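The text then walks through them one by one.

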Amino acid sequence: MVRHIVRRLLLAIPTLIAVVTIIFLVVRVIPGDVARSVLGDYASEETVQQFREDLGLNDPLWVQYRDYMLGLARGDLGDSLVTRQPAWDQIAYVLPHTLELSAAAILIALALGIPTGVITARRRNTWVDYLGRVLSLAGLSAPAFYIGLLLIYFLSARAGLFPAIGAGNFSEPLDNLHHLVLPAITLGLVETAYVTRMTRSVMLNVLNDDYVRTARAKGLTERTVLIRHALRAAMVPIVSLVGIFTISLIGSSVLTEEVFARPGLGRLLVGVAKQYDYTMVQAIMVVYALIIIVVNIIVDLIYTFVDPRVRYG
């Protein structure tokens with residue numbers, strides 16, 4: 001296990017370097033003048049040139065790349081072009097909000113999606129199965145921001161149960177949880193639809209396997225057969241799906257953050273991109289890349305606990 005973790009971490013280093021290099025190049029080929037965008041159209045040419053000189057934008061590309069990579073090696077993500085504050089300070093403020101929202105949405109999706117998928121597979125072609133499939137299809141079809149607006153209208157504006165906007169303070173857990181409920185349900189319901197359909201599809205295949213029929217022939221209860229045998233074998237593709245959705249949730253939560261006016265990494269990225277603050281864009285994308293690598297490593301490790309038959313080369 002330890003050797004596998006070390007191997008995965010070593011493989012992640014060249015991957016991260018390649019991703020960072022691509023980010024560095026893509027940001028610099030975007031049309032437009034960074035200095036002019038930051039200073040405005042009325043800034044003098046001398047001011048613009050001095051700004052470019054101060055930021056090193058007049059240096060050759062390889063020099064900019066060298067300085068950037070050396071800064072990353074020291075843990076320096078650079079300074080914002082607009083606020084002139086360290087990029088990490090802004091990211092560190094919003095990142096916990098994005099991570100908690102993604103984690104809460106995944107927990108909701110697993111808590112609702114897996115049992116629903118198992119039940120609909122067990123009751124295939126009955127009214128329970130049809131109802132579950134219709135609800136999951138509705139979840140796939142409804143945009144997250146629309147679900148969020150409905151929740152705000154019914155549970156906040158009409159019922160007054162939860163706050164409609166903002167994020168709670170981490171120093172006050174109950175207040176933080178109170179603000180988290182509606183955004184987490186919004187994302188969680190969308191992901192529940194995917195988990196339900198995946199679980200149902202995999203369970204239908206597993207329930208026809210020989211070892212499941214053997215377990216039933218031994219006189220085991222249906223609950224034991226479903227949970228200890230069928231569901232455990234079906235967990236590998238479900239874990240893969242959850243890993244993919246964890247990554248997508250962190251990146252696609254921007255609409256939910258906008259609807260509920262929550263601070264978050266996606267919302268921050270949209271804001272700095274509008275300001276053409278390419279230093280902040282780079283820093284946020286690097287953090288995204290790190291999160292993706294960490295999530296992939298965690299998913300690989302979970303495989304070994306879910307299914308001991310999984311072997312690594």
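Three helices, α3 (45-55), α4 (61-73) and α13 (278-306), each give at least two residues to the lining of the largest pocket. Helices (H or I, at least four residues) are DSSP runs, numbered from the N terminus. The model is predicted: local features need pLDDT of at least 70, side-chain atom pairs count only at pLDDT 80 or more, and totals for chains, interfaces and linings use all residues. Residues are numbered from 1 along each chain as its sequence is written, and side-chain values use heavy atoms, without hydrogens and water.

Start with the largest pocket. Its volume (the space filled by probe spheres set on the points, which are joined across faces, edges and corners) is about 470 Å³. It is lined by 20 residues, and Leu55, Tyr68, Gly78, Tyr278 and Thr279 are the closest to its centre. Helix α4 supplies the largest share, four residues. The lining has five nonpolar, seven polar and eight charged residues. Here Ala, Val, Leu, Ile, Met, Phe, Trp, Tyr, Cys and Pro count as nonpolar, Asp, Glu, Lys and Arg as charged, and the others, Gly among them, as polar.

Now the second largest pocket, with a volume of about 260 Å³. Of its 13 lining residues, Leu135, Ser136, Gly139, Leu189 and Thr192 are the closest to the centre. Helix α6 gives the most to this lining, five residues. The lining of the second largest pocket holds seven nonpolar and six polar residues, but no charged ones.

Methods
On a 1 Å grid over the protein atoms alone, a cavity is a set of points where a 1.4 Å probe fits but cannot get out, and a pocket is an open set with protein on both sides within 12 Å along at least five of seven lines; lining residues have an atom within 4 Å of a point.
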